[in-house]
Amino acid sequence: MKKILILVVICACAFACSKDDGNSPDSKKSYSPSDVVTVDETVMYTGGAPIYDKALIKDYLTRRGQASSYILDAATGSGAHLSSYTLEFQDEKNVLLGNIKTEIISKNDTLMMLAAVDYTQDSPYPNTNVADSIINLAQLGGPASECPTYYTAPCKYRRKFPVRIVNGQYYFAYVVATATSTWWEPSPFGVPMELTDFKHLAGPAMLFDRNVTSKLSQQNNKDTLVVQILRRPLTMQ
């Protein structure tokens, strides 16, 4: 009986030690971002069916001086202008993202979602026009969706950092987007005057919230959103 008790104690200690060391396959592993990003096809949304015509999209972006911000024809490109972090797994739950302490709040075969351990407090963001709202809501899990008073009062929220998983490979996900909202107002000359609000986004690690496309108006305002998704592979150190 005494031998059995000793064996039980030894097994319990071994289990505790293995748990302390982390039993996740990624525990204690570190990853660095590659300089090359994988580029998905550029898509234009106008409130109807998605548009994939590269010539039409390029013309739209060129007229707004944004063609150089998109990689339209290449399958890969440089990620030097995008935000990047190292990824260091502390244990099965805690991950150091650059110098930001985060924890894994969900994970499946295609996506790992990290959330900052510490809350961020922001002053109200000035929502000056429709294009601003479109860009802000295009970020899945972004501040505008995390913080109900994002536009009106200081608020706290935990920053989210998505890491895509493709065939077991980790990738940082990025959204590059341009939004415009056009409307017409009377002019002193009797001819309606066309006015356009513009907003551009490139670089923060995030996912695209496709629900924003249902908010694009083609009535009093004519809204257009162009989106390109990029993936930056992470290499284990």
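**Notes on the model**

1. The buried residues of α3 pack against β10 (139-140), α4 (143-146), β13 (169-185), β14 (193-205) and β16 (222-236). Helices (H or I, at least four residues) and strands (E, at least two) are DSSP runs, numbered from the N terminus. Buried means under 20% relative accessible area, exposed over 50%, and partly exposed in between (1.4 Å probe, protein chains only); contact means heavy atoms within 4.5 Å.

2. A word on the source: this is a predicted model, in which local features need pLDDT of at least 70 and side-chain atom pairs count only at pLDDT 80 or more, while totals for chains, interfaces and linings use all residues. Residues are numbered from 1 along each chain as its sequence is written, and side-chain values use heavy atoms, with hydrogens and water left out.

3. Back to α3 (residues 130-137): it is largely enclosed by the rest of the structure, because 6 of its 8 residues are buried. Those residues are A131, D132, S133, I134, I135 and N136. At the start of α3, the backbone nitrogen of A131 has a side-chain oxygen of N129 within 3.1 Å.

4. β2 pairs with β16 in the antiparallel sense over 2 bridges (strands pair if DSSP finds at least two bridges between them), and V39 stands opposite L230 in β16.

5. Of its 23 residues, L87, F89, M112, L114 and Y170 touch the most other members. The largest share, 4 residues, comes from β13. A second, separate core of 17 residues includes I135, A177, A179 and V227.

6. Is E103 buried or exposed? E103, in strand β7 (residues 100-107), counts as buried because its relative accessibility is 16%. Its side chain makes a polar contact of 3.4 Å with that of K93 (a pair of N or O atoms within 3.5 Å; within protein, one must be able to donate a hydrogen and the other to accept it, and residues adjacent in sequence count only if both atoms are side-chain atoms).

7. K156, in strand β11 (residues 155-157), counts as exposed because its relative accessibility is 56%. Not counting residues up to four places away in sequence, K156 touches Y119, T120, Q121 and C147.

Terms used:
A nonpolar core is a set of buried Ala, Val, Leu, Ile, Met, Phe, Trp, Tyr and Cys residues joined through side-chain atoms within 4.5 Å.
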